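Me: Hi! Could you walk me through this model before I set anything up?

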Amino acid sequence: PASIESHYDEAMSVPGLLDAIASGEQAGADGYVVACFGDPGLDAAREVATGPVIGIAEAAMHTASHLGRGFSVVTTLARTTGRAAELAERYGMQRFCLGIHACEIPVLDLETDPTAQKVVTEACRDAVERDGSDAIVLGCAGMAEMCRAISAEVGV
């Protein structure tokens, strides 16, 4: 799919992910990164890959847990907050995850909406204030380019 914003989208993305890993295995890839915050197909990918497969949600939550007492997740649409909560529980991060917040910007709009970074930044600022978080986990790979600027502006 063009973007992944639901369980259906996640399911539709897994065959392509597994095809990409099969190609990587033939090409001698040493490892893989699943660059979607829902970590779609992570378990299946780990079954077929000979090297490590890193899901960005798992990596981000574990990293954030080392940066302070707790973190908040700021994601795209409200319908994705449940998935983020499920992943926090799955990865043993519920003790560190102090809140999950949506900024209501669809994934593809992160690159085209001129107000997207401002909206995400404000959602991060609000999450830090509301939750008392020491770190923010950006809950979408499409937000990666915003990370440095948001961190500088919000202070976490």
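Me: How many residues of domain 1 are in contact with domain 2?

Reply: 14 residues of domain 1 are in contact with 17 residues of domain 2, contact meaning heavy atoms within 4.5 Å. This is a predicted model, where local features need pLDDT of at least 70, side-chain atom pairs count only at pLDDT 80 or more, and totals for chains, interfaces and linings use all residues. Residues are numbered from 1 along each chain as its sequence is written, and side-chain values use heavy atoms, with hydrogens and water left out.

Me: Where are the two domains in the chain?
Reply: Domain 1 covers 7-55 and domain 2 covers 56-154, with bounds from an automatic or database domain assignment. Their C-alpha centres lie 22 Å apart.

Me: And what area is buried between domain 1 and domain 2?
Reply: About 1100 Å², with carbon and sulfur atoms giving 54% of that. Buried area here is the accessible area (1.4 Å probe) that two parts lose on being put together, summed over both. On the domain 1 side, F37, D39 and G55 supply 53% of the area buried against domain 2, more than any other three residues.

Me: Nice. How many salt bridges cross that interface?
Reply: The rule finds three between domain 1 and domain 2; it asks for a side-chain nitrogen of Lys or Arg within 4 Å of a carboxyl oxygen of Asp or Glu. As for a pair to look at, E10 forms a salt bridge with R83, with the closest N and O atoms 3.2 Å apart.

Me: Which elements supply the side of domain 1 that touches domain 2?
Reply: α1 (7-27), β1 (32-34), α2 (42-48) and β2 (53-55) each supply at least two residues of it. Helices (H or I, at least four residues) and strands (E, at least two) are DSSP runs, numbered from the N terminus. α2 gives the most to that side, with three residues.

Me: How many salt bridges in total?
Reply: Eight by this rule. Among them, R79 forms one with E5, the closest N and O atoms being 3.4 Å apart. R79 lies in the loop between β3 (71-75) and α4 (81-90) and E5 in the segment before α1, so the pair ties together parts 74 residues apart in sequence.
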